[in-house]
Amino acid sequence: MHLVERDQELTALTDMMLRGARGEGQTALVTGGIGCGKTALLAELGELATEFGFQVLTAVGSLAERRTPGAILGQLLRDVPGAADGRTALAGPGGPGRAARTEGPATARTEGTVTRLGPSALDPEESRVLHRICTALEEQARRNPLVLCIDDVQFMDEFSLHGILLLLRRLPAVPLTLVMTECTLSRTADPRLHAALRRLPGHRPLTLGRLTDEGVAALLATRLGPGPARLLAPACREVSGGNPLLVEALAEDSRHTADGPAPRLDPGEAFLDAVTGCLHRGWPALLHIAQALAILHEDDAAPQTVARLAEVDDAVLVRGLRALDNAGLLSDGRPRHAAVRTGALAGCTGEEIGVLHRRAAELLYEEGAAAIGVARHLVAAGRVDAPWAVGQLREAAERHLAAGRPALARPCLDTALRHCRDEDERLRLKAMLAGATWMLDPSMGARHLVELADALREGRLPAQHAVMLAKYLLWHGRYDEAADAIERITRQDGGPADPLAAAEARATRELLSVTYPGLVPRGTADTGPVRRTAFAGDPRTRGAAALSDVLRYGPAPEPAAAAEAAMRVMRLGRNTHEWLTCAVSALLFADRTEAAAHWCDHWLAEARSRRVPLWIAEFSSLRAGIALRQGRPLDARRLAEAALAQVPAESWGVCIGGPLANMIQATTDLGDLAAAAELLEVPLPDGLFSSRFGLYYLHARGSHYLAVGQPQAALDDFANCGALMREWGLDQPALIPWRSGAARAHLALGATGRAHELAREQLALAGEALTRTRGISLRVLAAASRPSQRGALLRSAVAVLEESGDRLQLAGALAELGTAQLRSGQVSSSDAFLGRAARLAEECGSPAPARRPPASWRGAAGPALASAPAGPDGVRGEVLELLSPAERRVVGLASAGLSNKEISGRLNVTVSTVEQHLTRIFRKLGVRTRGDLPRAAGE
């Protein structure tokens, strides 16, 4: 080990050594924590002494030789020529071993006090042996000054201690320097040695502290170089506590990660080995204390608990904690790094660790600790025997679930189930386990649903669990079993007797009515004609009722205000997250998009902080839907992908329609039609189209079919979506503007009259407010109207969409307005609108809805498409600059009156390819039917 920040101590010892050579015997006791450089300092002193011509004698104390008489003296005498008879006396049958054999009860192992391991006085033969040894050392020192270096004197044996005490009495007149090191452990060196040293005039105590930041940097520099050392020093000191031994180990581990522009610390095997070595170098009590700290959680590690688990008394605990802190292994009384916990338990078997955890659980239970702390150790122990254990595990699980920590509740319930023998209790535990695993991955909890449904039919499942079971069964599409649970919730006998269960049932009725409108029997939710003033009671009920009100009766201030009021008093938890998504959705469908985004971001951040996968997934999916309504398809795709990463598609049940629809719509809006087509191949669960999420899926799929030139398939999806919305009493365009999609499909099929009818119908339903829905309705009405009416309608659409905040819809409206003005000869204003549309589309990540007109059109007289000159393919020339070569060929044939099938035969491509070309041509040219395509030359 390199010596750093030890110059003062080395200088002091060197001065003492020189004074000792002049006949002024000197002693020094160097103390410090484990690994703080005492041995390295002693070795450096020995090298200096040898260079100065001193004879250096060394010895090292060992816990293993603590009861071996003469272990230290024997090491010192091995290089003293005149001490042969002393060495013989140490080894002989009449030697000091007899003293050790006379130990009585006073020498029993007692960790609370320091006891003497030997008789109060030596017998004459032992005394003569020690005098001969000390005389030999004194004579040797007078021939050549001696430096005696004894490391780890806290482990010195009793007989050697007597010899050192005798030598100290002779020391003032002997040219000898005695330097000893003592490690601050849970048990210090013999107090007689400390007392004798204090009486000597030539004694100097020295203490080695831990390294400063500068010292750590200097030590790292010897291994890693000055640059990385300077950058890594603060982190290294934080991890090592400034212990030089640990610093060098960290440098060894970080050799490969310290290079490059971003050096980093990498605690590894060397660091773990160093920590483990520190913990195993002291008295056993020190290791026991470290093991107790490793087993106990920070919240449970009260001093009395640590002492009882380590089986030491309070005084030993205080010294042991101080020793671990001096070694840099603790910070504020807790293990500084995970390696300290690992190193403390490194020599334990799995069974031994389990015993420690069981003992910890018993102690905490006896002390009245919280169930969470007790359960933590019961889970770690694996085996539970105490009669109180299952109750503690269940209580801990309930508290974890209430706090939104399902990952911690699950092992408590698993452990309780393995040891519970009461069938009713097992049923309650399984219901709780289903709830915990539901929040982690809904498919994991499905294995308990059959048994719980059976218990429900047999009347053994409590009402609050029936409410939970209904939601889980519906999620997984198990509608026959769900019917029993729903019937229990909605029975007409006054509801559950438990007030909490009754409140849960009322909230659940509202939730189910807006989530699974095709499954919940009629009459299970309040469907009266006016409910906008009925938002009192449970905040969860208010949130779901607000959404139901918006879906049935359209946007209004009252339900939006009720939704926000409900969220202000709710916290995210297992009994609220579904209702919170309802409240956010109520804001969204009330065209309060910015408010919905704000609240959804808030709950998503909360879900992420709780690390509950289901909550993160649901709020991510909801936020993706909000992003789509803001015209941000890139954000929508990212959020939908995050939702599916948290909970895989197969675990979403019928709710997969939400994130899947968002992904399909986002990839379609971004022009990634191939990716959207792949998403359409994802298997759909039974019952999807009996839920609100099925509506989202139908609308997104219809939009994709329109984009790829399959208007009939698109029309089918939009029509089916509308039929379900009308059947369920949810036919509000703020939810899904299915009529605008159907109108555009009719336009692509040439049914302009029906398209106009649907557009007018949706505009009437949208109302007069400046909402996104009204803007969309005006756009599609313009497309279905006569050219002379389009400009005014599109200007209104642009104004409304500017206000509503959907940038992508605004880009489309601007492009259509620019194209309309181009057709009417208003070139300059057309250029401005088309340019802004292109910029907005680019910001959204979507393909430009229209290009700027070619330069040759600007300033030309009569630039309407109908009067453009013919080009080489027979189609009017300047239009060709908007189209690819393949699209030009399709336009030429389509304008000549050929059908899609005939065009596919002429060009040797599929009918689907022709449809896709025509869809892109319609978008680029701003036309709505084949009849609007520019005619071939000569027509």
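Reader: How do you know that the length of helix H6 agrees with what it should span?

Author: Helices are DSSP runs of H or I with at least four residues, strands are runs of E with at least two, and both are numbered from the N terminus. The expected span of a helix is 1.5 Å times one less than its number of residues. H6 has 20 residues (124-143), so it should span 28 Å, and its end C-alpha atoms are 29 Å apart, which agrees. Keep in mind that this is a predicted model, where local features need pLDDT of at least 70, side-chain atom pairs count only at pLDDT 80 or more, and totals for chains, interfaces and linings use all residues. Residues are numbered from 1 along each chain as its sequence is written, and side-chain values use heavy atoms, with hydrogens and water left out.

Reader: Which residues of H6 are buried?

Author: Buried means under 20% relative accessible area, exposed over 50%, and partly exposed in between, with a 1.4 Å probe and protein chains only. In H6 the buried residues include Val-129, Leu-130, Ile-133, Cys-134 and Leu-137, and also Glu-126 and Glu-138.

Reader: What makes strand S4 largely enclosed?

Author: Eight of the eight residues of S4 (176-183) are buried, so the rest of the structure largely encloses this strand. Leu-176, Leu-178, Met-180 and Glu-182 point one way, Thr-177, Val-179, Thr-181 and Cys-183 point the other way, and all are buried.

Reader: What makes S2 and S5 edge strands?

Author: Two strands pair if DSSP finds at least two bridges between them. The open sheet has five strands in the order S2-S3-S4-S1-S5, with parallel pairing. S2 (55-60) and S5 (203-208) are the edges, as each pairs on one side only.

Reader: How many bridges join S1 to S5, and over how many do S1 and S4 pair?

Author: S1 (residues 26-32) is joined to S5 by six bridges, with Gly-32 opposite Leu-208. S1 and S4 pair over seven bridges, in the parallel sense, and there Ala-28 stands opposite Val-179.

Reader: Which way does the chain cross from S3 to S4, and through what?

Author: S3 (residues 146-151) and S4 pair in the parallel sense over five bridges. From S3 the chain crosses through helix H7 (residues 158-170) to S4, and this β-α-β crossover is right-handed. That label applies if, with the strands pointing away from the viewer, the path from the first strand over the helix to the second runs clockwise.

Reader: Why is Gln-392 called buried?

Author: Gln-392, in helix H19 (residues 389-402), has 12% relative accessibility, so it counts as buried. Leaving aside neighbours within four places in sequence, Gln-392 is in contact (heavy atoms within 4.5 Å) with Tyr-365, Ala-371, Val-374, Ala-375 and Leu-378.

Reader: And where is Leu-670, and is that residue buried or exposed?

Author: Leu-670 is in the loop between helix H33 (657-669) and helix H34 (673-679). Its relative accessibility is 12%, so Leu-670 counts as buried.
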